[in-house]
Amino acid sequence: MILLASGFWLSRRRTMVAFALQLMACLAAGFLIAALHTQMGPTNLLTRTLYSTNISGTIIALEPRGNRLRATIAPTAIDGLDRDTFDWKVRLSFLGDSDLAIGDQISVRARLFALRPPSVPGDPDFARNLYFSNIGATGFAFGRQFEVSRNEEQNKISYLWQYFEVLRQEISRKIDDGMRPPEAGIAKALIIGERGDVWPEIAEDLRKSGLAHLLAISGLHMGLLCGTVFFLIRFGLAAVPPIALRYPIKKWAAIGAMVAGLVYLGLSGATVPTQRAYVMLFVVWVALLLDRRAISLRLVGVAAVIVLALRPDAVLGASFQLSFAAVGALVAFYDGPGRRWLDGQGTRPWFERALVYLAGLVITGVIVTAVTAPIIGYHFGRISALGVVANLFAIPVMAFWVMPLIVAALALMPFGFEEPVLWLMRPGLTILLDTASGLGNVEWGLWYVAGLDAAAMSCAMLALTWCVIWRNRVMIIPVIPVLMIAVIFQINHRSPDILISGDTESWAVFDRDQQVLHIPEKLSSFQKSLWMARFGMRPENESRQVQACADDPCRVVFGGDGAKTIVIANTLTNPFYACRNADIVVDLKSDLPTKQCRASGADIQVDDDVLWWQGGVTLDSDHRDHPVVSVRKHVGAWPWIVIGGRIAP
């Protein structure tokens, strides 16, 4: 990075050379920051299951999750581990009615698990986010086998973020007192970022209708709340002529909005999307204070640099990609063609301004849907075609009804007068739920996609970013080869048709010709939904497209004209017979005689030895050179990947 930065400085008068060196220096800086964060992560992660252990420590975070309560504990002692061997936190699941509070000293009997790698290559890597959150183990408490030490000295909150956690719990209680489900769950998600009380069917309707972004506090919520505070402060000060004529009330309102956003950041749990949104708005307010242009692509760039400097792993998540793709595209539009379109709006009659506002909502929805659809399809396997229509109803309700009442409720809660405001907020939340339910039930409004290639998506996002930055017809020319490369990658991409999980319990075989997914009878509902989305299958078609096998061993014939046979068993009593009568043999719980099995006719074998040391695998039955890809090979030797009781060096 230093060499490239020096080269940039020396060649700064030669535009193209300096530009190329600057790009490479920024790329090197990004890799350097990522490497530093990785090295600064927790060490000596738990590599084995502690089936019953005592954990002592301090509760630093609480998060209700339906009928469970999830607690993050900073441990001081874990039976079976030396104190010097762990520098990480523990996340435990408790019964939902457990009497716990932030700052409590707790001693609990629990079962601890190592961070779990992806089930198979291509599945979400939840361990990565836990690692960068300094969490080294997860587990659950045994019933009510815990003791809590609570006294005045121990419950003095000495850290600001712990104080906010206490406030979040109190706000959650007041929402429960003033509002009934399911609106109460939505209110908690909007105010304190707690989604555990949102009913699963409602969450599914929101996802189908393209309104799932309402549940995650991000730019929309932060912008509406800070904008409401900014407007109210400036409006109130403008009503007092001696102040309005002598002082910079616009800057005062910006400072008030900045403080309100900081409070909202703490109340919402300071999740990564919320932090990112606050960074963006913070740059806006600073620009207003300095009398500079606030809304520009520089804002997006500065926010991205700050976020990635703090959490470089965020770039791999859907949240970061969706936020910056949407914001970048919108800023590029409204800073260019949209600015000319909106000029002179203040001189138009009210009905023309209303029409322009509605047209702006439609255009905004179309732009956001277009740029985020590929990202949503890649990460979640489905795209909502009715998102534009749903947001046309939802955004005005959020902007002019729900969010101003959230500001009022938060302002009145310290005085105990929040109940009338919550009562007024409930019909607005009901409209949001009814919109999601009505549009979510439209079958053609949700498109299921599968088989998007990661390299093709990366090239497409690079091309989009380039176009957004330059906004020049001539500068689009360099993008054409990148798009052609993306098309080539996508054409040559082939998804595996067999998935074998590293837990030695779960598997799936997809018959492309019959469009049928074969799974074991006891496959968990979560894993089933994940794999159905991976193969682009609709949940409502489960009864005719998913076949559960109750036999052990299970024999599946797939592949149409060039049919192949796979045998999957927990333990094969006669592996030689299976190898003679199948093309692919999988033994989940014991080892196979590999050489003899191959000599008997089985081209591909996967056994307990592979699953234990390499993790889950995917198989492409038509790929002759490298048919089997393991998690270890696909993900790499990262410090959060624990497979076979060890972390690869």
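**Helices, disulfides and salt bridges in a predicted model**

Glycine 236 has its place in helix α7. Along the chain, glycine 236 and isoleucine 249 are 13 residues apart, and their C-alpha atoms are separated by 9.6 Å.

Two packed helices are described by the angle between their axes and the distance between the axes. Helix α7 covers residues 219–238 and helix α9 covers residues 249–267; their axes come within 8 Å and cross at roughly 145°. The crossing of α7 and α9 is right-handed. On the side of α7, the residues that make the contact include His221, Met222, Leu225, Phe230 and Arg234. On the side of α9, Ile249, Lys250, Trp252, Gly256 and Tyr264 are among them.

Glycine 193 is found in the loop between α5 (183–191) and α6. Its relative accessibility is 21%, so glycine 193 counts as partly exposed. When residues up to four places away in sequence are not counted, glycine 193 touches Arg168, Lys188, Ile217 and Ser268. Glycine 193 and leucine 81 are 112 residues apart along the chain, and 34 Å separates their C-alpha atoms.

The next topic is the covalent links between cysteines. A disulfide is a covalent bond between the sulfur atoms of two cysteines. The structure holds two disulfides. One of them joins cysteine 549 to cysteine 554, with a distance of 2.0 Å from S to S. The torsion about this S-S bond, between cysteine 549 and cysteine 554, is about 130°, and therefore the disulfide is right-handed. Cysteine 549 and cysteine 554 are both buried.

The other disulfide is formed by cysteine 579 and cysteine 597, whose sulfur atoms are 1.6 Å apart. The link of cysteine 579 and cysteine 597 is left-handed, with -75° about the S-S bond. Because cysteine 579 lies in helix α21 (residues 575–580) and cysteine 597 in helix α22 (residues 594–600), the pair ties together parts that are 18 residues apart in sequence. Both cysteine 579 and cysteine 597 are buried. If the bonded cysteines of the protein are numbered in sequence order, the pairing reads 1-2, 3-4.

Cysteine 26 has a relative accessibility of 51% and so counts as exposed. Cysteine 459 has a relative accessibility of 15% and so counts as buried.

The last topic is the pairing of charged side chains. Side chains of opposite charge can pair when their charged atoms come close. A search of the whole structure finds 15 salt bridges. In one of these, the side chains of arginine 144 and aspartate 97 meet at 2.9 Å, N to O. Arginine 144 lies in strand β5 (residues 135–149), while aspartate 97 lies in the loop between β3 (89–95) and β4 (105–113), so the pair ties together parts that are 47 residues apart in sequence. Aspartate 97 has a relative accessible area of 56% and is therefore exposed.

Other salt bridges lie within a helix. In helix α6 (residues 200–209), arginine 207 forms a salt bridge with glutamate 204, the closest N and O atoms being 3.1 Å apart. Because arginine 207 and glutamate 204 are three residues apart in helix α6, about one helical turn separates them. Arginine 207 is partly exposed, at a relative accessible area of 40%. Salt bridges that share partners also join Glu170, Arg173 and Asp177 into one network.

Arginine 173 and glutamate 170 both lie in helix α4 (residues 160–178), where they are three residues apart, about one turn of the helix. Arginine 173 is partly exposed, with a relative accessible area of 40%. Glutamate 170 is likewise partly exposed, with a relative accessible area of 34%.

Note on methods
Residues are numbered from 1 along each chain as its sequence is written. This is a predicted model: local features need pLDDT of at least 70, side-chain atom pairs count only at pLDDT 80 or more; totals for chains, interfaces and linings use all residues. Side-chain values use heavy atoms; hydrogens and water are left out. Axes are lines fitted to C-alpha atoms, for helices over the stretch in contact, and angles run from 0 to 180 degrees between N-to-C directions. Helices (H or I, at least four residues) and strands (E, at least two) are DSSP runs, numbered from the N terminus. A crossing is left-handed if the near helix is turned anticlockwise from the far one by less than a right angle, and right-handed if clockwise. Contact means heavy atoms within 4.5 Å. A disulfide is a pair of cysteine sulfur atoms within 2.5 Å. Buried means under 20% relative accessible area, exposed over 50%, partly exposed in between (1.4 Å probe, protein chains only). A salt bridge is a side-chain nitrogen of Lys or Arg within 4 Å of a carboxyl oxygen of Asp or Glu.
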